[in-house]
Amino acid sequence: MFHVFRAHRPLIRRIALVAALLALAPLGAHAAGFPQDLRKALQAIDVPLDAVGIWVAPVDTGKPSLSHNPDVPMNPASVMKLVTTFATLDRLGPAYFWTTRLATDGAAHGKTLDGNLYLVGGGDPVFTHADLWKLLRQLRTLGIERINGDIVLDDTALRLPPHDPERFDGQPLRPYNAGPSGLMISFNALRLTFVPEPEPDPPEAATQLASLGNPPPAAGPERRPPRVLLDPPVAGFTLETALSAEPGRCAARWYKALDAQPTRTPRGEGLNVSGPWRDDCGIKDWFVSPLSPERFAEAVVGGLWHEMGGRLRGRVLHGQLRGRADTLFVHTSRPLADVVRDMNKWSNNVIARQLLATLGASDRDAPDMVQGGARLARLQLAAAGVDLTGFEIENGSGLSRTARITAKGLGQMLQQAWERPFMPEFMSSMAVAGIDGTARKRLRNSGARGTAHIKTGTLNEVRAMAGYVVDQHGRRHAVVMMVNHPNAGASHAAQDVLLEWVWEGR
């Protein structure tokens with residue numbers, strides 16, 4: 001027995017050395033240092049550890065305290081918006097802004113503008129129909145009532161590739177599928193407001209019986225479908241409804257029962273809305289995107305000008321301002337710091353697409369500004385020392401099946417953002433867990449409520465989060481967790497376990 005032991009002594013030493021090296025290696029799928037509560041939470045939903053990427057590191061050192069599958073490229077869903085945020089803040093600065101202007105190649109004579117009116121977009125991601133109304137109102141304050149020409153919409157500020165709103169998930173009317181535009185108005189979204197109709201007055205006979213102290217005949221109340229209001233006003237657009245009023249309580253996702261189909265008539269384009277409606281829902285808003293950004297802009301400009309009492313001899317059409325034109329009025333957007341806050345708090349895909357295209361405006365060698373923005377984002381991350389293994393940003397919004405980044409790459413970017421001058425704007429753009437934005441329902445009953453600034457992301461088979469957490473000792477950590485698995489949708493509780501683990505300082 002003694003001789004057998006001596007014979008295998010070199011092998012035993014090698015095994016001991018391998019075991020020691022494994023103990024010093026970054027945590028892997030079955031590392032002993034993996035938080036047990038997190039392991040149990042993932043096991044409860046049948047998500048294997050090899051489908052999870054995690055990176056946790058204190059911002060004051062940047063050295064990971066928990067690293068799991070850090071080098072595996074994974075789909076981050078909308079967490080990719082943090083990459084777009086980092087790249088645009090880093091290159092353009094928090095004070096960057098866009099302009100949209102009114103110009104004319106004609107002259108005013110009394111109440112008439114002889115010539116064309118140009119609305120020249122600058123790629124503003126948050127230009128609304130209210131902003132457009134202010135510009136047109138300023139024109140009206142000059143006394144202009146009639147335009148003896150066309151209203152020309154110039155959206156050439158952004159050089160963009162073709163966009164198919166149906167390509168991602170076959171839902172072209174969903175506002176999140178809208179493409180970018182050099183003249184985007186209200187995110188290309190039309191608001192439908194459902195207003196319940198009051199119950200009709202009782203018939204005259206029933207009223208007379210009631211006045212004599214006799215109850216009216218028993219009958220169920222007559223129900224009417226709601227009125228549906230459009231905002232903003234859209235010229236040449238027809239709304240048809242075939243809603244049925246039904247009794248019952250309003251469902252949390254009431255709009256899932258509705259169907260909207262584009263229509264085309266000799267009078268122009270339109271929308272048909274059908275499905276069951278319950279008055280218990282009260283007044284509700286539903287946003288749809290039935291028109292391309294180009295057609296939507298034409299319809300909104302024409303509708304608002306008509307609503308303001310303006311008259312137009314020509315048409316509202318797309319074109320480009322060429323030659324001499326006098327600028328009449330200029331609208332200046334909110335700064336980029338505010339725009340990324342709108343984007344990340346509520347995960348606005350249209351803003352993200354616009355920002356990536358804006359980033360690519362300086363890359364004149366790229367086929368279009370989206371590809372240019374993707375290339376510049378990669379260069380900026382590389383310059384910051386971020387791991388780019390398998391990196392693919394595609395459109396900058398995370399609404400993508402091909403977007404990829406590693407947990408370590410996201411963690412390194414969060415660390416770099418923490419050390420940059422724009423750190424306050426970057427961090428404040430994220431939702432606060434248990435407080436606001438897309439994370440308002442997270443950690444509500446936890447001591448960690450309000451301690452995490454995070455960006456969340458969800459797609460089919462993808463659930464991710466990334467951001468910063470302050471632990472009970474006042475130390476801040478960069479936190480990343482991505483799950484790519486058919487059961488990923490159920491992993492929000494596991495992600496909350498990780499956030500609490502970091503907050504507890506374990």
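**Entry 1: helix α10 and its packing**

I looked up what the buried residues of α10 pack against, and I found α4 (80–92), α9 (349–359) and α11 (407–418). The model I am reading is predicted. The buried residues of α10 are Met369, Val370, Gly372, Gly373, Ala374, Leu376, Ala377, Gln380 and Leu381. I noted the rule that an α-helix has 3.6 residues a turn, so residues three or four places apart point the same way.

I then checked the length of α10, which covers residues 369–383. Its 15 residues should span 21 Å at 1.5 Å a residue, and the end C-alpha atoms are 21 Å apart, so the two values agree.

I also inspected both ends of α10. At its start, a side-chain oxygen of Asp368 comes to within 3.0 Å of the backbone nitrogen of Val370. Just after the helix, Gly385 has a positive phi of about 80°.

Is Asn344 buried or exposed? I found Asn344 in helix α8, and its relative accessible area is 0%, so Asn344 counts as buried. Leaving aside residues up to four places away in sequence, Asn344 touches Lys81, Leu82, Thr85, Ser429 and Lys455. With Ser429 there is a polar contact between side chains, at 2.9 Å.

I turned next to Lys345, whose side chain meets that of Asp436 in a salt bridge of 2.7 Å, N to O. This pair links distant parts of the chain: Lys345 is in helix α8 (residues 336–346), and Asp436 is in the loop between β18 (431–432) and β19 (452–459), 91 residues away. Lys345 is buried at 6% relative accessible area, whereas Asp436 is partly exposed at 21%.

**Entry 2: other salt bridges**

How many salt bridges does a search of the whole structure find? I recorded 16. As background, I noted that side chains of opposite charge can pair when their charged atoms come close.

One of the salt bridges joins Asp496 and Arg442, at 2.8 Å from N to O. Asp496 belongs to helix α13 (residues 492–503) and Arg442 to the loop between β18 and β19, so the pair ties together parts 54 residues apart in sequence. Asp496 is buried at 14% relative accessible area, and Arg442 is buried at 7%.

Another salt bridge joins Lys111 and Glu145, with the closest N and O atoms 3.7 Å apart. Lys111 sits in the loop between β4 (107–109) and β5 (112–114), and Glu145 in the loop between α5 (129–141) and β7 (146–147), 34 residues apart. Glu145 has 24% relative accessibility and so counts as partly exposed.

I also found a network of salt bridges that links Arg264, Glu269, Arg295 and Glu298.

In what order do the 6 strands of the open sheet lie? I read the order as β2-β1-β21-β20-β19-β18, with antiparallel pairing. At the edges are β2 (66–68) and β18, each of which pairs on one side only.

I followed the pairing of β20 (residues 462–470) with β21 (residues 476–484), which is antiparallel and runs over 9 bridges. Met465 has Met481 in β21 as its bridge partner.

Finally, I returned to α13, the helix that holds Asp496. The helix lies across β1 (52–58), β2, β19, β20 and β21, and runs at about 15° to β20.

Terms used:
Residues are numbered from 1 along each chain as its sequence is written. This is a predicted model: local features need pLDDT of at least 70, side-chain atom pairs count only at pLDDT 80 or more; totals for chains, interfaces and linings use all residues. Side-chain values use heavy atoms; hydrogens and water are left out. A salt bridge is a side-chain nitrogen of Lys or Arg within 4 Å of a carboxyl oxygen of Asp or Glu. Helices (H or I, at least four residues) and strands (E, at least two) are DSSP runs, numbered from the N terminus. Buried means under 20% relative accessible area, exposed over 50%, partly exposed in between (1.4 Å probe, protein chains only). The expected span of a helix is 1.5 Å times one less than its number of residues. Contact means heavy atoms within 4.5 Å. A polar contact is a pair of N or O atoms within 3.5 Å; within protein, one must be able to donate a hydrogen and the other to accept it, and residues adjacent in sequence count only if both atoms are side-chain atoms. Two strands pair if DSSP finds at least two bridges between them. Axes are lines fitted to C-alpha atoms, for helices over the stretch in contact, and angles run from 0 to 180 degrees between N-to-C directions.
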